Amino acid sequence: MYHPIEKVKIISKKQFEMICREYPFFEKIYKITWEFKSMLTDKNIDALDKLMEGAKNLNIPEINSFINGIERDMEAVRNAIKYEYSNGLV
């Protein structure tokens, strides 16, 4: 789900579209994953609140847990989006 569908060799775009039609939640999860990745890559801190609201609306327990974790440490998450450096080694 974290790779562009065009780069996943074991599934065609047509197969992916068929899966999305059969399992609409899969497509929603895929889209929210890519929105999150794009937000991080583009350093688009303004997209965070909208992304979190959209993720909550999916009402998927695992995604809700992820969003709750973000909410618990919002300042750190915003800083991770905003700045190039991190305290990962610490």
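This is a predicted model: local features need pLDDT of at least 70, side-chain atom pairs count only at pLDDT 80 or more; totals for chains, interfaces and linings use all residues.
**Salt bridges, rings and a helix contact**

Arginine 78 and aspartate 49 join their side chains in a salt bridge, 3.0 Å from N to O. This pair links distant parts of the chain.

How exposed are the two partners? Arginine 78 is partly exposed, because its relative accessible area is 25%. Aspartate 49 comes out at 46%, so aspartate 49 also counts as partly exposed. As a general point, side chains of opposite charge can pair when their charged atoms come close.

At what angle do α3 and α5 pack? The angle is about 120°, and the axes are 12 Å apart. α3 and α5 are therefore oblique to each other. Roughly perpendicular stops at 115 degrees, and roughly antiparallel begins over 145, so an angle between those limits is called oblique.

Which residues make the contact? From α3 we have Leu48, Asp49 and Met52. From α5 we have Met74, Val77, Arg78 and Ile81. By class, that is five nonpolar residues, two charged and no polar. Asp49 and Arg78 are on that list, and they are the salt-bridge pair I opened with.

Now the other salt bridges. How many does the structure hold? The count is four. I will show two more of them.

Take lysine 13 and glutamate 17. Their closest N and O atoms are 3.9 Å apart. A salt bridge needs a distance within 4 Å, so this pair qualifies. Both residues lie in helix α1, which runs over residues 13-22. They are four residues apart, about one turn of the helix. Lysine 13 is partly exposed at 48%. Glutamate 17 is partly exposed as well, at 36%.

Next, lysine 31 and glutamate 27. Here the closest N and O atoms are 3.6 Å apart. Both residues are in helix α2, again four residues apart, about one turn. Lysine 31 has 47% relative accessibility and counts as partly exposed. Glutamate 27 is at 30%, also partly exposed.

On to the aromatic rings. The count is five aromatic pairs. In one of them, phenylalanine 26 and tyrosine 30 have ring centres 6.4 Å apart and planes at 25°, so the pair is stacked. Both lie in helix α2, four residues apart, about one turn of the helix. Tyrosine 30 is buried, at 13%. The cut-off for buried is under 20%, which means the two fall on opposite sides of it.

A second pair is phenylalanine 36 with phenylalanine 66. The ring centres are 5.4 Å apart and the planes stand at 80°, so this pair is edge-to-face. Phenylalanine 36 is in helix α2 and phenylalanine 66 is in helix α4, so the pair ties together parts 30 residues apart in sequence. Phenylalanine 66 is partly exposed, with a relative accessible area of 43%.

There is also a cluster. Ring pairs link Phe16, Phe26, Tyr30 and Trp34.

At 1% relative accessibility, alanine 55 counts as buried. What does alanine 55 touch, leaving aside neighbours within four places in sequence? The contacts are Ile32, Ile63, Asn64 and Ile67. Isoleucine 32 is 23 residues away along the chain, yet the two C-alpha atoms are separated by 6.7 Å.

Last stop: the backbone in two loops. Lysine 43 is not a glycine, but has a positive phi of about 55°. Lysine 43 sits in the loop between α2, residues 24-42, and α3, residues 48-58. Lysine 43 is partly exposed, at 28%.

Asparagine 59 is not a glycine either, and has a positive phi of about 55°. Where is asparagine 59 found? Its place is the loop between α3 and α4, the latter being residues 61-72. Asparagine 59 is exposed, because its relative accessible area is 59% and the limit for exposed is over 50%.

To close, go back to the opening pair. Arginine 78 and aspartate 49 form a salt bridge, and both belong to the contact of α3 with α5.

Methods
Residues are numbered from 1 along each chain as its sequence is written. Side-chain values use heavy atoms; hydrogens and water are left out. Buried means under 20% relative accessible area, exposed over 50%, partly exposed in between (1.4 Å probe, protein chains only). Axes are lines fitted to C-alpha atoms, for helices over the stretch in contact, and angles run from 0 to 180 degrees between N-to-C directions. Angles under 35 degrees count as roughly parallel, over 145 as roughly antiparallel, 65 to 115 as roughly perpendicular and the rest as oblique. Contact means heavy atoms within 4.5 Å. Ala, Val, Leu, Ile, Met, Phe, Trp, Tyr, Cys and Pro count as nonpolar, Asp, Glu, Lys and Arg as charged, and the others, Gly among them, as polar. Rings of Phe, Tyr and Trp (its six-membered ring) pair if their centres lie within 6.5 Å; planes under 30 degrees apart count as stacked, over 60 as edge-to-face and the rest as tilted.
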